[in-house]
Amino acid sequence: MTNTLSPNLVNDHPLQPFIERLLKAEALLPDTEINVLEVVGILKSYGVVLDAYAVNLKYIADHQFLLLFPFFKYFNGDITLNKLLKHWWHDRINYEYAEYCMRTMLWHGGGGLDAYLDSDEFQQNCDRAIQAKLKGNWLMQTLHRLFPDFLPEQVRQSAYYSGLGQFWTVMSEMFLTLSDLYDQQRITSIPEVVAHIKDGLVAAASLPITYSVEIRGDRHDLLPASAGLTFLMDTAVPYVEAVFFRGTPFLGTVSYNAQVQQISPDQSRFAYGALYADPVPVGGAGIPPTLLMQDMRHFLPDYLADYYRQGLRGDEDVRVQITQSFQKSMFCVTSAALQGLLPHPATTEVPAEQAANQAFLATWMDRLMSSRLAVVQLAER
């Protein structure tokens, strides 16, 4: 007997054409000239914004450790009257969105980082850092005795600040390099965009994720190298799960009243991530991606800004247009991630390995059934 599966069992998924695309090193997004322009252009802007987000997240983790009221956490240590006025006028990067993503990852969990933060080793490292930080501060020591779980939770949050900052540093460089290759006409198609991102993810897969803080001249390891945390499985995959797929319900779009039952009590069934979001509400109050779109608006390459102006509303709905382009780009990133995570090479001729690849992609396609996947297949305006 041969270890094969019936073709009827293997290839009957409703989204089978997309599975075939991924196995052929293509993408969930159609390969058109406009799609390439939108995806590369928006990732250029996103790369600039991500770099700013990453710098600030790591600054907060390193320099605002256990500060309960970090009034100047968005200033990266450079506090001037001019920056303060711009901050009050909101003429600045919206770092709040970076924190939204961090808290979404923290809440949904998953991966080795989440598991390590629940370990005895982390608890011991955490306790030593807390005791060193609170030395001589009787008020904070009293708070810690009264609420012993409060400060450790703040340390866990700091670990996610650092972890997400390290992840975004890599992604920012990857997206900016993609833009440079596009400008040099060395990348001209969506499959080439996906291949670039996949190669970048694979190259960075084993980069260590570590985190330590300096307290009174001593370094305290909170995520030591010995924990074995790495870029791909412990930050990239949980990020895709939390931000691309699950997300959180946006205030004003659904009711948080439990009796209304508009929000599933099962986090694993959440579908509020970037791959599902309706672009139209962007700009409304309580919609976190509005902050990201506003940030990216300031760094659009000229060719993408010109393309948006050619639309029926010109610049009036630019945030919506940015959201649509960003969603397309995230389907490209998802394509790269899924191809990079295939259990076996996509070109395998072994039936059992082909079946395993099919089953792996079918599981993810199940989750994309209600996404915007069908919408991004439509022709451009």
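In this predicted model, the largest nonpolar core has 112 residues. Y46, Y53, W168 and Y239 are the residues with the most contacts inside that core. Helix α3, which spans residues 33-63, gives the most to the core, with 16 residues.

Y53 shows what such a position looks like in detail. W168 is itself among the core residues with the most contacts.

The next feature is a pair of packed helices. Helix α9 (residues 150-183) packs against helix α10 (residues 190-204) at an angle of about 145°, and their axes are 10 Å apart. The crossing of these two helices is right-handed. On the α9 side, the contact is made by V170, M171, M174, F175, T177, L178 and L181. On the α10 side, V193, H196, I197, G200, L201 and A204 take part. Sorted by class, the contact between α9 and α10 has 10 nonpolar residues, 3 polar residues and no charged residues.

The cysteines remain. A disulfide is a covalent bond between the sulfur atoms of two cysteines. The count for this model comes to 0 disulfides. C332 is in no disulfide, and the nearest cysteine sulfur, that of C101, is 19 Å away. The cut-off for a disulfide is a pair of cysteine sulfur atoms within 2.5 Å. C332 has a relative accessible area of 0% and is therefore buried. C126 also counts as buried, because its relative accessibility is 0%. The cut-off for buried is under 20% relative accessible area.

Technical notes: Residues numbered from 1 in each chain as written. Predicted model: local features only at pLDDT ≥ 70, side-chain atom pairs only at ≥ 80, totals over all residues. Heavy atoms only, no water. Core = buried A, V, L, I, M, F, W, Y, C linked by side-chain atoms within 4.5 Å. Buried < 20%, exposed > 50% of the residue type's maximum accessible area, 1.4 Å probe, protein only. Helix = DSSP H or I, 4+ residues; strand = E, 2+ residues; numbered from the N terminus. Axes fitted to C-alpha atoms, helices over the stretch in contact; angles between N-to-C directions. Left-handed = near helix turned anticlockwise from the far one by under 90°. Contact = heavy atoms within 4.5 Å. Nonpolar A, V, L, I, M, F, W, Y, C, P; charged D, E, K, R; others polar.
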